[in-house]
Amino acid sequence: MENRIVNFLDNNRESFIEISQRIHKNPEIGNEEYFAAELLTKFLKDKNFTIERDIAGHETGFIARKKSKYGEFPKIAFLAEYDALPNLGHACGHNIIGAISVAGAVALGELLDSIPGEIVVYGCPSEEGGENGSSKGSFVRENLFKDIDVAMIIHPSSENAITKKSLAVNPLDFEFFGKSSHAAGSPENGKNALDALIHFFNGIATLRQHVKPDVKIHGIITHGGDAPNIIPDYTKARFYIRSSTKEGCDEITEKVEAIAHGAAIMTGCKAKISSFQNRVDNLVPTRYFDDLYVETMKKLGVEVCVDSEKSMGSTDVGNVSHVVPTIHPNIKICNCSVSGHTHEFAQAAGSVKGDEAVILGGKALALLGLSLIVNKDKLNRIKDEFVKR
């Protein structure tokens, strides 16, 4: 069965590479991935997966399923991402992620004529955030992973590595409402929303001395006023508030919100705080699951770095990892001098190394999924560790 997987992906490599390349050449930002979603679902449907579209408020989301006649346990999930970054294209390599997950799911699905189980591909829009972003948060909130036994995804990187911890993040908009007036003729009649916003930023700068090392607070001003001779009656800032755990993130968010309300009181304004996308939870690794991934990659002739201490920012895969045992390892497509979210990484995502990662990653996920189906002790050990963590 392992040979069937490897041979299937080798014999069909051009089909999966074409998926990655076509998505790479047609980048679409979060919740606008119509081309990518159509391409992936059509391919999966042709491979006898049933397709459900428009998932949990995300029009470009989908769930694809293929079941064995020998029973639907276990249920193995593959997480597909396919959104791009504004002005950078696929500078995080989500074209590769989508292709890897589909390749692994289809290859493993070819064996359902002789083994039990169900293969489920979750098409997850807008991992990079934005308006109504981080769709996995919506999927988790709607309890769409309730019957899933394990979830898998591989992310392109400058190294081959196991799942790393990630930061929880609260994505919040802060709006201040004041009263406009002529800045020279009658300033005494105004309530300056820009002053409130500036006090807010200064308050956060002061707070940074009194936070733990894992806390990150960063934001921008999206609206600061309309004209210098008009006292601004409306201003707005957008912030990411991060911490190593969702509990720590909530704690620091409470302090930031208090600063916003304080800045409003100081200037006679009102403050409004709202989420502009799903909150993202920290990623909880299941180490035995990663150990099995390392063993699988060794079978394929690839050594994987097992250092997991360095954080990798934030990802809504973290939301999934709180409800299902999940792996999110890295696969190498470039050298260590190239970092994500750059034009150089976007080039790597469309390179020959990126193409090879699609096939290698597909093999790794399919072989790992197979090992969990045929060896229930491994699957049970993963689930036991997940419950303890």
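I started with helix H4, which is mostly covered: 16 of its 16 residues are buried. Buried means under 20% relative accessible area, exposed means over 50%, and partly exposed is in between (1.4 Å probe, protein chains only). This is a predicted model, where local features need pLDDT of at least 70 and side-chain atom pairs count only at pLDDT 80 or more, while totals for chains, interfaces and linings use all residues. Residues are numbered from 1 along each chain as its sequence is written, and side-chain values use heavy atoms, with hydrogens and water left out.

**H4, continued**

I looked up the span of H4 next. It covers residues 94-109, and its 16 residues reach 22 Å from first C-alpha to last, close to the 22 Å expected at 1.5 Å a residue. That expected span is 1.5 Å times one less than the number of residues in the helix.

**The chain as a whole**

I found 12 helices and 12 strands in the protein chain. These are DSSP runs numbered from the N terminus, with helices (H or I) of at least four residues and strands (E) of at least two. The radius of gyration is 23 Å, close to the 21 Å that the globule rule gives for 389 residues, so the chain is as compact as a globular protein of that length. I noted that the radius is taken over C-alpha atoms, and that the rule is 2.2 Å times the number of residues to the power 0.38. Along its principal axes, the C-alpha trace spans about 80 × 40 × 40 Å.

How much of the chain is buried? I read off 55% of the 389 residues. For contacts (heavy atoms within 4.5 Å), I took those between residues at least 6 apart in sequence, and 81% of them join residues at least 24 apart.

The chain exposes about 16,600 Å², and carbon and sulfur atoms supply 49% of that. The area comes from the Shrake-Rupley method with a 1.4 Å probe; for residues, only the protein chains shown count as cover.

**Around His155**

I went to strand E6 (residues 155-157), where His155 lies. His155 counts as buried, at 10% relative accessibility. Leaving out residues up to four places away in sequence, I listed what His155 touches: Cys92, His94, Ile97, His328, Pro329, Asn330 and Ile331.

**Glu33, in a loop**

Is Glu33 buried or exposed? It is buried, with a relative accessible area of 0%. I placed Glu33 in the loop between helix H2 (13-25) and helix H3 (34-46). Neighbours within four places aside, its contacts are Glu28, Thr60, Tyr82, Asp83, Pro125 and Ser126. I also checked Glu33 against Ile97: they are 64 residues apart along the chain, and their C-alpha atoms are separated by 14 Å.

Ile148 sits in the loop between H5 and strand E5 (150-152) and counts as buried at 9% relative accessibility. Setting aside residues up to four places away, I found that Ile148 touches Lys75, Ala77, Val120, Tyr122 and Val324.

Ser308 is in the loop between helix H8 (287-299) and helix H9 (317-321), and it is buried too, with a relative accessible area of 10%.

**Asn202, on a helix**

I found Asn202 in helix H6 (residues 193-207). Asn202 is partly exposed, with a relative accessible area of 44%. Its C-alpha is 9.3 Å from that of Ile259, 57 residues apart along the chain.

Most residues other than glycine have a negative phi, and most peptide bonds are trans.

- Phe73 and Pro74 are joined by a cis peptide bond, with omega about -5°. Pro74 is in the loop between strand E2 (58-67) and strand E3 (75-81).
- Asn87 has a positive phi, near 70°, and is not a glycine. I placed Asn87 in the loop between E3 and H4, and it counts as exposed at 77% relative accessibility.
- Ser134, not a glycine either, has a positive phi of about 60°. Ser134 is in the loop between strand E4 (118-124) and helix H5 (135-141), and counts as buried at 1% relative accessibility.
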